[in-house]
Amino acid sequence: MATPSLKTLAAQARRCERCPLYRAATQTVFGEGPADATIVFVGEQPGDQEDRQGRPFVGPAGTIFDKALAEAGIARDRVYVTNAVKHFKFVPRGKRRLHKSPDSYEIDRCKWWLDRELAAIRPCLTVALGATAARALTGRPVTISRSRGQVIDLPDGRRGLITTHPSALLRMPGAEARQRAYAEFVKDLALAADAIT
Ligand code: URA
């Protein structure tokens, strides 16, 4: 069977009911970027802003991700950016919606879409941003500090790289530690850029 195009997949995903997360979320946030991208970045799940706008990494995590990409010499509009889970999972707290990490069932159910995105794009490198994406791509629990920063073979036969999630940089206490972690993140992104040349 022919691989569906990203456009077809995105249209189908709008009606996704593969797990219960669609019920509370505003909309499906599908991946974004060119079909011939050589690098695919996989985040965890849309946040509050992404859920409202329908686009991945457009909130605070997106701002720091964009800055790091630029410093690593990667043009965001040349890469494909998506998430392991396509609906925002949250707990309401008054007027706020607090992020809640997806569980392994939700990650596994949503892998169906990620597999199809990767089949359509066939990137040279897939980069997992954080533990949820790493779990989705490797099929096992991953400790970021132990696995980050090296090009690895993924179970699907493609090359992958695991790095930290940009939100982890925002949460890190202490300016010095935050700066060091950010520099490590940029270094991993630069490695990703090198790996495809
Ligand atoms: N965090 C993610 O993992 N993905 C987004 O799209 C935004 C924040």
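User: How many cavities of 30 Å³ or more does the count come to?

Analyst: The model is a predicted one. Rolling a probe the size of a water molecule over the atoms shows where empty space is left. For cavities of 30 Å³ or more, the count comes to 1.

User: Which residues line the largest cavity, and what is its volume?

Analyst: The lining consists of C16, R18, C19, L21, V85, K86, H87, E106, R109 and C110. By class, 5 of these residues are nonpolar, 1 is polar and 4 are charged. The volume of the largest cavity is about 50 Å³.

User: Which residues lie closest to the centre of the largest pocket?

Analyst: The largest pocket has a volume of about 730 Å³. Helix 2 (48-53), helix 3 (60-71), strand 4 (96-99), helix 5 and helix 7 (166-171) each supply at least two residues of its lining. Of the 30 lining residues, the closest to the centre are A61, H99, H165, S167 and R171.

User: How does the lining of the largest pocket divide into nonpolar, polar and charged residues?

Analyst: The lining is made up of 30 residues. They divide into 11 nonpolar, 10 polar and 9 charged.

User: Which element gives the largest share of the largest nonpolar core?

Analyst: This core has 28 residues, and those with the most contacts inside it are V42, Y80, W113 and L137. Two or more residues come from each of helix 1 (6-13), strand 1 (39-43), helix 4 (104-121) and helix 5 (131-138). The largest share, 6 residues, comes from helix 4. Apart from this core lies another, of 25 residues, including A72, L129, Y182 and A195. The element asked for is helix 4.

User: What is W113 in contact with, leaving aside its neighbours within four places in sequence?

Analyst: W113 is one of the residues with the most contacts inside the largest nonpolar core. Leaving aside neighbours within four places in sequence, its contacts are L9, Q12, A13, C16, R18, F30 and K86.

User: Why does the span of helix 8 agree with what its 21 residues should give?

Analyst: Helix 8 covers residues 175-195, and at 1.5 Å a residue its 21 residues should span 30 Å. The span agrees because the end C-alpha atoms are apart by that distance, 30 Å.

User: Which residues of helix 8 are buried, and what covers them?

Analyst: The buried residues are A181, Y182, F185, V186, D188, L189, A192, A193 and A195. Their cover includes strand 1, helix 3, strand 5 (125-129), strand 6 (151-153), strand 7 (159-163) and helix 7.

User: Is T164 buried or exposed?

Analyst: T164 is placed in the loop between strand 7 and helix 7. Not counting residues up to four places away in sequence, it touches L129, G130, I144, R148, L169 and F185. Because buried means under 20% relative accessible area, T164, with 12%, is buried.

User: In the loop between strand 6 and strand 7, is L154 buried or exposed?

Analyst: Leaving aside neighbours within four places in sequence, L154 is in contact with T126, L137, T138, R159 and G160. Its relative accessible area is 7%, so L154 is buried.

User: Is G157 buried or exposed?

Analyst: G157 is also found in the loop between strand 6 and strand 7. Exposed means over 50% relative accessible area. The value for G157 is 63%, so G157 is exposed.

Key:
Residues are numbered from 1 along each chain as its sequence is written. This is a predicted model: local features need pLDDT of at least 70, side-chain atom pairs count only at pLDDT 80 or more; totals for chains, interfaces and linings use all residues. Side-chain values use heavy atoms; hydrogens and water are left out. A nonpolar core is a set of buried Ala, Val, Leu, Ile, Met, Phe, Trp, Tyr and Cys residues joined through side-chain atoms within 4.5 Å. Buried means under 20% relative accessible area, exposed over 50%, partly exposed in between (1.4 Å probe, protein chains only). Helices (H or I, at least four residues) and strands (E, at least two) are DSSP runs, numbered from the N terminus. Contact means heavy atoms within 4.5 Å. On a 1 Å grid over the protein atoms alone, a cavity is a set of points where a 1.4 Å probe fits but cannot get out, and a pocket is an open set with protein on both sides within 12 Å along at least five of seven lines; lining residues have an atom within 4 Å of a point. Grid points are joined across faces, edges and corners, and a volume is the space filled by probe spheres set on the points. Ala, Val, Leu, Ile, Met, Phe, Trp, Tyr, Cys and Pro count as nonpolar, Asp, Glu, Lys and Arg as charged, and the others, Gly among them, as polar. The expected span of a helix is 1.5 Å times one less than its number of residues.
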